[in-house]
Amino acid sequence: MFPFFRYYPSFFFLFFFNLLSSVFLFSPVFPATTFPDFSTLTPDNNNNNHDYYAWRGFARFLDAGKGTEVNGISELKKYLNRFGYLPLPPQNNFSDIFDDQFVSALSLYQNRLGLSVTGKLDSETIATIMSPRCGISDLTKFNNNGSTIHSTRRYAFFNGQPRWIRASTLTYALSPDYTIDYLTPSEIRKVVRRSFSRWSAVIPLNFTESSDYDSSDIRIGFYRGDHGDGEAFDGVLGVLAHAFSPENGRLHLDAAERWAVDFEKEKSKVAVDLESVVTHEIGHVLGLAHSAVKESVMYPSLSPRGKKVDLRIDDVEGIQVLYGTNPNFKLESFLESEKSMNNNGSSSSSSNNNSKLLFLLFFYLLIMIW
Ligand SMILES: [Zn+2]
Ligand SMILES: [Zn+2]
């Protein structure tokens, strides 16, 4: 009933193999069939053990072909079902056949995630599927009304377009009980305050922190595994967080992640940027669903050690449809700063991706040698 959202890690080494073979025209260093099957490893919620990442086993489905029986591909069908792309079959039993319905679901997934629509399990699609993400289903109505300034608008709302109407100032609080111990309360509060301020800068809504958790409009906590709302968290990476649509106010972060407020200090390769995820989740709390614009805050996935905290025009236009515009918001200066972000972002994100590729290749080499 309640939509959720989550994030996950990208598996860029798949890209790397493709890149090597296509750019340098030699065979991949390791044939795809030798990818280690991480799905057989035991999940471990201890943050020091990163042998298991959710959805890692999907790497073995790279380039699986239509019409064939692919052992275990029913797991991928369950994934697509979970995020709204495939209906449950009778008896809730997915087959291992790569059938037409699966092709349609894949094509829809590719469309909604802003990928090339091939209907195939290509490397881009597999890497996106393996990325950590938000638990909320992606299939909500896309809004295509509005101005014609930006033809790429892909923001979306929850069914019925719910929004907060009870007050123009909402209170929020961090759970005193469900928290993490390696970040200080003040570090977490600072990040959360900043995340709320990004949204209040563009709409006429204010957010104030409250010390009374139970009576707050928005309640934020770190939870582990099955925590009683029917959406169990899954350990390291996989689903990172979820939140509930208006006017519920619950925002849950997976306590099994290695949350970071500063990547200079936090060196874990599976660290997740707290501010990026909280900013995304607040978007859900306020009534936005997922966007297909990769750069937007409301895109459903986020790479480990990735950071995406600045609202994009797609996020702003979506939230302003629900709440109107903050009188202090200046569209022109926003577009100017977005343009410079795009310019800076393209070079830094490409060098970021290169580092990720190199790192993952190195990581994979270590595993092979070991
Ligand atoms: Zn989400
Ligand atoms: Zn929850």
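In what order do the five strands of the open sheet stand? Keep in mind that this is a predicted model, then select the strands and read across: S4-S3-S5-S7-S6, with mixed pairing.

**Stop 1: the edges**

Pick out S4 (206-209) and S6 (241-243). These two strands stand at the edges of the sheet, and each has a single partner strand, so one side of each is left without a neighbour there. Now turn the view to look along the sheet: neighbouring strands are turned by 20° against each other on average, ignoring direction.

**Stop 2: S3 and its two partners**

Next, select S3, residues 169-174. S3 pairs with S4 in the parallel sense, over four bridges. S3 also runs parallel to S5, and three bridges join those two. Show the side chain of Tyr172 while you're here. Tyr172 stands opposite Glu209 in S4, and Tyr172 also stands opposite Ile218 in S5.

**Stop 3: S5**

Move on to S5 (218-223). Is S5 largely enclosed or left open by the rest of the structure? Five of its six residues are buried, so S5 is largely enclosed. With S7, S5 pairs in the parallel sense over five bridges. To find a spot where these strands face each other, select Tyr223, which stands opposite Asp254 in S7.

**Stop 4: two helices across the sheet**

Bring up helix H5, residues 185-200. H5 lies across S3, S4 and S5, and runs at about 165° to S4. H6 lies across S5, S6 and S7 (250-254), running at about 25° to S6.

**Stop 5: the annotated positions**

Last, select Asp181 and Glu257, where an unreviewed UniProt entry places the feature "binding site". They are spread over 77 residues of sequence, yet they cluster in space, with a largest C-alpha distance of 12.3 Å.

Which of the two is buried, and which is exposed? Start with Asp181, in the loop between S3 and H5. Asp181 counts as exposed because it has 7 C-beta neighbours inside 10 Å, and the cut-off for exposed is 12 or fewer.

Now go to Glu257, in the loop between S7 and strand S8 (258-260). Glu257 has 27 other C-beta atoms within 10 Å, so it is buried; the cut-off for that is 20 or more. To see some of what surrounds Glu257, select Val236, Leu240 and Val272: these are its contacts once neighbours within four places in sequence are left aside.

Technical notes. Residues are numbered from 1 along each chain as its sequence is written. Chains are lettered from A and ligands numbered from 1 in the order in which they are written. This is a predicted model: local features need pLDDT of at least 70, side-chain atom pairs count only at pLDDT 80 or more; totals for chains, interfaces and linings use all residues. Two strands pair if DSSP finds at least two bridges between them. Axes are lines fitted to C-alpha atoms, for helices over the stretch in contact, and angles run from 0 to 180 degrees between N-to-C directions. Two residues are in contact if their C-beta atoms, placed from the backbone, lie within 7 Å. UniProt positions are given in the numbering used here, feature names are shortened, and annotations may be inferred rather than shown by experiment.
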